[in-house]
Amino acid sequence: MSTLADGAPHLSLMNFTYCAKDEKLIMSTRRDTTKFRALKENKRVAVLIHDFPSEHRERGAAASAKAAGQKTQKRGQTYSVTLYGNVKVETGSDAERYRAAHLKRNGPDQKQFIVGDNIAIVTVLVDMAKICNQADQVHVWTSDGQNSPK
């Protein structure tokens with residue numbers, strides 16, 4: 001996630017959970033961090049998600065191509081998506097509902113990053129996305145429906 005802290009870009013590697021019901025990304029952060037201070041000062045964030053190819057997926061793509069009589073490629077299709085939106089620090093029952101979903105998805109090994117008095121639950125409501133494929137073709141999605149290839 002990218003924020004703006006003290007006038008400079010600030011990047012943080014984050015676990016996230018997608019809440020389809022609310023169409024939000026759920027994340028957690030300690031309250032005593034540069035990231036949290038930046039989120040409180042400026043609600044705009046960017047989140048980069050990259051679909052790294054895996055050996056399992058590449059084998060599956062090669063098998064599918066072979067079965068279809070197509071030439072196999074060295075790599076399976078990959079995408080990167082940059083999401084832009086507004087962050088909200090959740091409170092009360094919403095925070096606890098999102099915390100439970102985030103913990104369920106990420107598992108007990110990540111509990112120290114999700115549960116605790118100093119851990120804030122934040123959500124991102126996405127209003128724009130740029131989707132880029134391996135051929136460097138970029139498509140833009142916006143929440144207002146003004147979608148187009150760029």
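Q: What makes a residue count as buried in this predicted model, and what share of the 150 residues does so?
A: Buried means under 20% relative accessible area, and 33% of the 150 residues of the protein count as buried.

Q: Why is the contact between Arg 37 and Asp 6 called a salt bridge?
A: The closest N and O atoms of Arg 37 and Asp 6 are 3.3 Å apart, and because a salt bridge requires a side-chain nitrogen of Lys or Arg within 4 Å of a carboxyl oxygen of Asp or Glu, the pair qualifies.

Q: How do you know whether Asp 6 is buried or exposed?
A: The relative accessible area of Asp 6 is 64%, and since exposed means over 50%, Asp 6 is exposed.

Q: Why does Arg 37 count as partly exposed?
A: Its relative accessibility is 34%, which falls between the 20% and 50% cut-offs, and therefore Arg 37 is classed as partly exposed.

Q: What makes Arg 44 and Asp 127 a salt bridge, and which parts does the pair tie together?
A: Their side chains meet at 2.6 Å, N to O, which is within the 4 Å limit, so the pair counts as a salt bridge. Arg 44 lies in strand S5 and Asp 127 in strand S7, so the pair ties together parts that are 83 residues apart in sequence.

Methods: Residues are numbered from 1 along each chain as its sequence is written. This is a predicted model: local features need pLDDT of at least 70, side-chain atom pairs count only at pLDDT 80 or more; totals for chains, interfaces and linings use all residues. Side-chain values use heavy atoms; hydrogens and water are left out. Buried means under 20% relative accessible area, exposed over 50%, partly exposed in between (1.4 Å probe, protein chains only). Helices (H or I, at least four residues) and strands (E, at least two) are DSSP runs, numbered from the N terminus.
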